[in-house]
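I hope they are handy to have beside the viewer.

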Amino acid sequence: MLYTLTLFVLLGVGLAASVGFLVLHRPRHPFRITEVNASGWVVIIGLIYARSLLLLGIRGASPPEPWWDVVLSLGLLAGTTALLLVRFVSYLRYLRSHPQGPPTAS
(Lines give C-alpha, C1' and ligand atoms only; values in the text may rest on other atoms or scores of the structure.)
Protein backbone atom coordinates (compact mmCIF):
# COMPACT_ATOMS: atom_id res chain seq x y z
CA MET A 1 0.00 0.00 0.00
CA LEU A 2 2.80 2.42 0.87
CA TYR A 3 4.55 1.57 -2.39
CA THR A 4 1.40 2.40 -4.42
CA LEU A 5 0.84 5.63 -2.53
CA THR A 6 4.46 6.67 -3.08
CA LEU A 7 4.11 5.98 -6.82
CA PHE A 8 0.93 8.07 -7.00
CA VAL A 9 2.57 10.99 -5.17
CA LEU A 10 5.78 10.98 -7.22
CA LEU A 11 3.95 10.63 -10.54
CA GLY A 12 1.39 13.28 -9.60
CA VAL A 13 3.99 15.81 -8.50
CA GLY A 14 6.09 15.17 -11.61
CA LEU A 15 3.11 15.50 -13.94
CA ALA A 16 2.02 18.72 -12.23
CA ALA A 17 5.53 20.18 -12.58
CA SER A 18 5.67 19.16 -16.23
CA VAL A 19 2.28 20.65 -17.09
CA GLY A 20 3.02 23.76 -15.03
CA PHE A 21 6.25 24.40 -16.91
CA LEU A 22 4.58 23.88 -20.28
CA VAL A 23 1.69 26.20 -19.41
CA LEU A 24 4.09 28.95 -18.31
CA HIS A 25 6.58 28.48 -21.15
CA ARG A 26 4.24 28.92 -24.17
CA PRO A 27 6.84 29.04 -26.97
CA ARG A 28 5.97 31.03 -30.07
CA HIS A 29 7.81 28.63 -32.38
CA PRO A 30 7.64 25.22 -30.66
CA PHE A 31 9.54 23.33 -33.35
CA ARG A 32 12.67 25.47 -33.38
CA ILE A 33 15.68 23.68 -32.02
CA THR A 34 16.05 26.03 -29.04
CA GLU A 35 12.45 25.38 -28.00
CA VAL A 36 12.81 21.64 -28.46
CA ASN A 37 15.95 21.76 -26.30
CA ALA A 38 14.16 23.80 -23.65
CA SER A 39 10.95 21.82 -23.37
CA GLY A 40 11.18 18.64 -25.44
CA TRP A 41 12.25 16.36 -22.63
CA VAL A 42 9.62 17.88 -20.34
CA VAL A 43 6.92 16.97 -22.87
CA ILE A 44 8.22 13.41 -23.25
CA ILE A 45 8.53 12.80 -19.50
CA GLY A 46 5.12 14.40 -18.91
CA LEU A 47 3.52 12.00 -21.38
CA ILE A 48 5.27 9.04 -19.74
CA TYR A 49 4.11 10.21 -16.30
CA ALA A 50 0.52 10.65 -17.52
CA ARG A 51 0.54 7.15 -19.01
CA SER A 52 2.03 5.69 -15.85
CA LEU A 53 -0.57 7.40 -13.65
CA LEU A 54 -3.37 6.12 -15.87
CA LEU A 55 -2.05 2.56 -15.81
CA LEU A 56 -1.40 2.73 -12.06
CA GLY A 57 -5.00 3.83 -11.53
CA ILE A 58 -6.33 1.02 -13.74
CA ARG A 59 -4.06 -1.87 -12.76
CA GLY A 60 -2.66 -0.82 -9.43
CA ALA A 61 0.93 -1.45 -8.41
CA SER A 62 2.34 -4.93 -8.48
CA PRO A 63 3.54 -6.13 -5.10
CA PRO A 64 7.16 -5.15 -4.60
CA GLU A 65 9.62 -7.89 -5.38
CA PRO A 66 13.04 -7.73 -3.74
CA TRP A 67 13.99 -4.64 -1.76
CA TRP A 68 16.60 -3.55 -4.31
CA ASP A 69 13.97 -3.50 -7.06
CA VAL A 70 11.79 -1.16 -5.00
CA VAL A 71 14.73 1.09 -4.12
CA LEU A 72 15.86 1.27 -7.75
CA SER A 73 12.42 2.03 -9.18
CA LEU A 74 11.51 4.61 -6.54
CA GLY A 75 14.98 6.15 -6.68
CA LEU A 76 14.87 6.65 -10.44
CA LEU A 77 11.33 8.00 -10.27
CA ALA A 78 12.25 10.38 -7.44
CA GLY A 79 15.30 11.59 -9.38
CA THR A 80 13.28 12.29 -12.52
CA THR A 81 10.57 14.02 -10.50
CA ALA A 82 13.23 16.16 -8.81
CA LEU A 83 14.56 17.21 -12.24
CA LEU A 84 11.06 18.24 -13.31
CA LEU A 85 10.59 20.25 -10.12
CA VAL A 86 13.95 21.96 -10.58
CA ARG A 87 12.99 22.86 -14.16
CA PHE A 88 9.64 24.30 -13.01
CA VAL A 89 11.06 26.25 -10.06
CA SER A 90 13.99 27.61 -12.07
CA TYR A 91 11.58 28.80 -14.76
CA LEU A 92 9.46 30.55 -12.12
CA ARG A 93 12.58 32.31 -10.85
CA TYR A 94 13.45 33.30 -14.42
CA LEU A 95 9.99 34.80 -14.92
CA ARG A 96 10.30 36.79 -11.68
CA SER A 97 13.60 38.30 -12.75
CA HIS A 98 12.36 38.96 -16.33
CA PRO A 99 8.80 40.28 -15.99
CA GLN A 100 8.58 41.06 -19.70
CA GLY A 101 8.75 37.31 -20.38
CA PRO A 102 11.17 35.26 -22.40
CA PRO A 103 12.02 36.46 -25.90
CA THR A 104 10.25 33.46 -27.44
CA ALA A 105 6.95 33.83 -25.57
CA SER A 106 3.90 34.92 -27.49
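1. Let me begin with Ser-39. Setting aside residues up to four places away in sequence, Ser-39 is in contact with Phe-21, Leu-22 and His-25. Ser-39 itself belongs to helix 2. Is this serine buried or exposed? Ser-39 counts as buried because its relative accessibility is 9%, and the cut-off for buried is under 20%. Please keep in mind that this is a predicted model, here and in every point below.

2. Now for the overall layout. The protein chain has three helices and zero strands, and reading along the sequence gives the pattern α-α-α. Helix 1 covers residues 2-25, helix 2 covers 33-59, and helix 3 covers residues 67-97. Along the principal axes, the C-alpha atoms fill a box of roughly 50 × 25 × 20 Å.

3. How much of the chain is buried? Of the 106 residues in the protein chain, 27% are buried. The accessible surface comes to about 7,100 Å², and carbon and sulfur atoms account for 72% of that surface. As for contacts between residues at least 6 apart in sequence, 81% of them join residues at least 24 apart.

4. Leu-56 deserves a look of its own. This leucine lies in helix 2. Its relative accessible area is 8%, so Leu-56 is classed as buried. Leaving out neighbours within four places in sequence, Leu-56 is in contact with Thr-4, Leu-7, Phe-8, Leu-11 and Ala-61. For a sense of distance, Leu-56 and Pro-99 are 43 residues apart in sequence, and their C-alpha atoms are 39 Å apart in space.

5. The largest pocket holds about 290 Å³ of space. Which elements give two or more residues to its lining? They are helix 1, helix 2 and helix 3. The lining has 14 residues, and those nearest the centre of the pocket are Leu-7, Leu-11, Ser-52, Leu-56 and Leu-77. Helix 2 provides the largest share of the lining, with five residues.

6. Next, Val-70, which is in helix 3. With a relative accessible area of 19%, Val-70 is buried, because the cut-off is under 20%. If residues up to four places away in sequence are not counted, Val-70 touches Tyr-3 and Pro-64. Where does Val-70 sit relative to His-98? The two are 28 residues apart in sequence, and 42 Å separates them from C-alpha to C-alpha.

7. Arg-59 and Gly-46 are 13 residues apart along the chain, and their C-alpha atoms are separated by 20 Å.

8. Finally, the surface. Which residues make the nonpolar patch of about 430 Å²? The patch is made by Leu-2, Leu-5, Val-9, Val-13 and Leu-85. Helix 1 gives the most to this patch, with four residues, while Leu-85 is found in helix 3. Leu-85 has a relative accessible area of 34%, so this residue is partly exposed.

How values were computed:
Residues numbered from 1 in each chain as written. Predicted model: local features only at pLDDT ≥ 70, side-chain atom pairs only at ≥ 80, totals over all residues. Heavy atoms only, no water. Patch = residues over 30% accessible without salt bridge, like charges linked within 9 Å, V, L, I, M, F, W, Y side chains within 5 Å. Areas by Shrake-Rupley, 256 points an atom, 1.4 Å probe, with all protein chains shown as cover. Salt bridge = Lys/Arg side-chain N within 4 Å of Asp/Glu carboxyl O. Buried < 20%, exposed > 50% of the residue type's maximum accessible area, 1.4 Å probe, protein only. Contact = heavy atoms within 4.5 Å. 1 Å grid on protein atoms, 1.4 Å probe; cavity = no way out; pocket = protein on both sides within 12 Å on 5 of 7 lines; lining within 4 Å. Points joined across faces, edges and corners; volume = space filled by probe spheres on them.
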